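Visitor: I would like to learn how to read this structure, one feature after another. Could you take me through it?

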Amino acid sequence: MAEVRMTNVKKNYGSVEVIPDLSLTIPDGSFSVLVGPSGCGKSTLLRMIAGLEEVTDGSIHIDGEDVTNAKPSDRGIAMVFQSYALYPHMTVRQNIGFGLKLAKTPKDEIDRRVDEAADILQLGPLLDRKPRQLSGGQRQRVAIGRSIVRKPKVFLFDEPLSNLDAALRTQMRVELAELHAKLGATMVYVTHDQVEAMTMADQIVIMKAGIIQQVGRPMDLYNAPENPFVAGFIGSPKMNLIEGSIASARKSKLVGVRPEHIDVSPDAGEWEGTLRYAEHLGSDTVAYIDSEVAGSVTVRLQGEVAINRGDKVFMTPRAGNIHLFRENGAVERA
Amino acid sequence: MQQGSLWQKWIHDDRLRMIIIFVPPAILVFTVFVMLPMIQAGFFSPWKWSGYGPAPWAFNEATDATFGRWVGERNFDRMFGHSAFQQAVWNSILVIVVSLLIQLPLALMLALMIYRTSRANTIFRLVFFMPYILAEVATGLIFAFALDGNYGLSAWFSQMLGLEEAWFPLAEKPWAFYAILAALVWKYFGFHMMIYIAGLQSISSELLESAEIDGATTWQKAIYIKIPLIWPAITVSIFYSVLGALQVFDLVMPMTAGGPSNSSHTLVSYLYNFGFIRLDVGFGSAVGVFLFVTGVVFALVYRNTVQKGQ
Ligand SMILES: Nc1ncnc2c1ncn2[C@@H]1O[C@H](COP(=O)(O)OP(=O)(O)O)[C@@H](O)[C@H]1O
Ligand SMILES: [Mg+2]
């Protein structure tokens with residue numbers, strides 16, 4: 001069906017180079033998430049796939065067809081914007097059916113397809129309302145509805161959930177995943193939130209300053225980050241990245257250990273430290289420990305642990321879960 | 001206590017202070033220069049009066065008819081029956097029609113073309129807006145000069161076309177007013193264009209991109225998205241346009257002064273000509289009352305229909 005392939009894509013705004021040289025394949029039917037810090041060029045990349053932004057160089061293929069210079073409406077894509085971009089003067093029904101109307105679809109078919117989309121998204125009772133009469137979550141659904149009636153080969157989402165409150169965001173995450181399962185279309189989803197990436201993606205693409213850092217399945221990125229940036233970006237709380245004597249003792253520039261891969265004991269262990277602060281979440285306890293050898297270390301302990309500020313603790317990284325970032329860029333696990 | 005709290009209010013309530021300081025002068029100026037003359041015109045309109053001597057309601061047997069006399073509704077009868085007045089009404093209607101069918105669509109089209117921010121567009125905007133900044137009288141003089149058959153552009157064209165006699169459009173019957181219409185469009189389209197540009201610039205770009213993805217062409221984006229979204233601005237510009245059409249004056253005087261043979265008067269130039277120039281203040285007041293009532297009726301009807309709910 002619809003694979004998206006970008007080959008040596010470059011993007012400059014005037015003299016500013018936003019994307020230096022990027023090649024990426026988004027497999028057919030996948031839910032691919034582009035993730036990275038703000039300003040790293042995710043939206044730019046997505047907008048180039050949509051055809052809203054020209055590529056400075058390189059080519060884009062969708063479903064085997066070269067669409068590098070095609071109009072947005074000829075690419076078989078649909079896009080959901082962060083601001084939803086609903087037409088304020090049209091009802092929900094008109095909003096969803098607008099693209100079909102422009103394509104000169106017969107009236108009864110428009111109605112049928114709008115109703116079908118409304119069904120999937122439970123928008124039935126809202127069809128005659130204007131966007132301003134809807135809540136944020138409902139607007140989001142309408143924006144999604146507008147994209148699904150066009151039966152696109154590829155869905156593009158640009159931070160679609162960032163205007164929603166936390167509870168609604170979690171709910172919409174599930175709904176989007178279900179929608180993907182139901183439609184089986186290729187979806188490209190941009191976010192700066194690694195939790196969204198981890199929970200929804202088949203494939204995560206991590207970017208920094210216009211350059212792809214790593215591409216892979218969520219657990220691959222979690223288990224085998226290829227560089228310190230990816231190691232620090234994926235996972236919450238962040239992976240501990242330790243320099244100094246601990247690193248040099250392991251012949252590395254940097255040693256990475258996730259908070260959940262450190263065992264703590266009151267009397268014996270590899271690194272000695274003092275508890276600075278603990279967050280008691282019930283299911284977990286997150287401890288921030290100051291250590292002379294390791295610096296400031298975050299440790300995640302299962303369940304509720306009675307531990308107080310100033311307590312002396314010993315930490316031991318769990319074997320098999322230690323990431324060694326070598327001087328030459330190689331990564332090993334020990 | 002009471003006084004204290006008033007004083008406290010004066011000290012702490014900025015809004016109240018603003019109202020007390022700024023509203024009375026505004027009301028005073030509005031009353032003296034707008035309300036009173038309007039009411040006066042109402043009082044003058046049933047009299048035959050030159051504007052000299054005592055106010056008409058002070059006439060009595062002793063002052064006899066030198067200064068004026070009561071004529072009741074006869075000023076209005078005369079006005080409605082006067083062919084020059086009928087022509088002026090017709091001309092004013094023509095101004096409205098041309099504004100709505102030519103000027104505003106032209107302004108909208110140009111606004112759609114140049115509303116985006118770019119260096120070239122800034123220059124275009126400036127050029128198109130320039131006539132609006134120009135004084136009306138200056139505009140009239142420019143057009144009068146251009147259309148003069150002796151030494152204006154018209155003379156030049158006549159020569160080019162090899163006409164035996166030079167063309168004096170301002171001295172020919174239908175052409176004189178068409179020339180005024182052209183000058184009006186030229187002078188005011190930039191103003192309406194600016195209103196539309198302001199509206200168009202406030203439309204979010206994601207909305208238009210969304211329409212693009214939906215397959216809208218440039219034309220369809222204008223029809224289905226941009227124009228509906230700036231509709232409130234369009235209704236405001238229609239409102240100004242119609243009220244402005246009822247007030248056209250400054251452009252007429254330097255171009256034709258209402259001629260030839262009173263064929264190019266607007267309502268206000270008619271009022272000026274037959275009310276003031278001919279020292280017939282009672283009659284002029286009657287025309288003023290007609291103008292005022294027309295404007296108020298239009299404003300009320302328009303606000304309660306077209307602009308309802310905005
Ligand atoms: N129209 C533009 N003109 C100039 N620079 C731009 C433009 N759009 C984006 N940029 C720059 O490109 C970079 C990437 O932007 P963007 O793709 O929006 O980042 P992200 O979506 O990852 O936050 C940013 O540094 C931004 O300032
Ligand atoms: Mg972005």
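Visitor: Which residue of chain B forms a salt bridge with A:R150?

Guide: The general idea is that side chains of opposite charge can pair when their charged atoms come close. The rule used here asks for a side-chain nitrogen of Lys or Arg within 4 Å of a carboxyl oxygen of Asp or Glu. In this case A:R150 pairs with B:D214, and their closest N and O atoms are 3.8 Å apart.

Visitor: Before we go on, what am I looking at, and how are things numbered?

Guide: This is a predicted model, in which local features need pLDDT of at least 70, side-chain atom pairs count only at pLDDT 80 or more, and totals for chains, interfaces and linings use all residues. Residues are numbered from 1 along each chain as its sequence is written, chains are lettered from A and ligands numbered from 1 in the order in which they are written, and side-chain values use heavy atoms, with hydrogens and water left out.

Visitor: How many residues does each chain bring to the contact?

Guide: Contact means heavy atoms within 4.5 Å. Chain A brings 22 residues and chain B brings 15 residues. As for buried area (the accessible area, with a 1.4 Å probe, that two parts lose on being put together, summed over both), the two chains bury about 1600 Å² between them, 62% of it on carbon and sulfur atoms. A:Y87, A:H89 and A:L102 supply 30% of the area that chain A buries against chain B, more than any other three residues.

Visitor: How many residue pairs are in polar contact across this interface?

Guide: A polar contact is a pair of N or O atoms within 3.5 Å; within protein, one must be able to donate a hydrogen and the other to accept it, and residues adjacent in sequence count only if both atoms are side-chain atoms. Between chain A and chain B the rule finds seven such residue pairs, both residues at pLDDT 80 or more. Helices (H or I, at least four residues) and strands (E, at least two) are DSSP runs, numbered from the N terminus. On the side of chain A that touches chain B, the elements giving two or more residues are β6 (77-80) and α2 (92-102) of chain A. The largest share, four residues, comes from α2(A).

Visitor: Which residues are around ligand 1?

Guide: A residue is near a molecule if one of its heavy atoms lies within 4 Å of it. Around ligand 1 we find A:Y13, A:V18, A:S38, A:G39, A:C40, A:G41, A:K42, A:S43 and A:T44. Helix α1 (residues 42-50) of chain A gives the most to this shell, with three residues. Look at the backbone too: an oxygen atom of ligand 1 is 2.6 Å from a polar backbone atom of A:G39, and one is 3.1 Å from a polar backbone atom of A:G41.

Visitor: Where do I find A:E109 and A:R113?

Guide: Their side chains meet in a salt bridge (3.1 Å, N to O). Because they are four residues apart in helix α3 (residues 107-120) of chain A, A:E109 and A:R113 are separated by about one helical turn.

Visitor: Which residues does a cis peptide bond join in chain A?

Guide: Look at A:S236 and A:P237, where omega is about -5°. A:P237 is in the loop between α8 (228-233) and β11 (240-242) of chain A. In chain B, a cis peptide bond joins B:G259 and B:P260, with omega about -5°.
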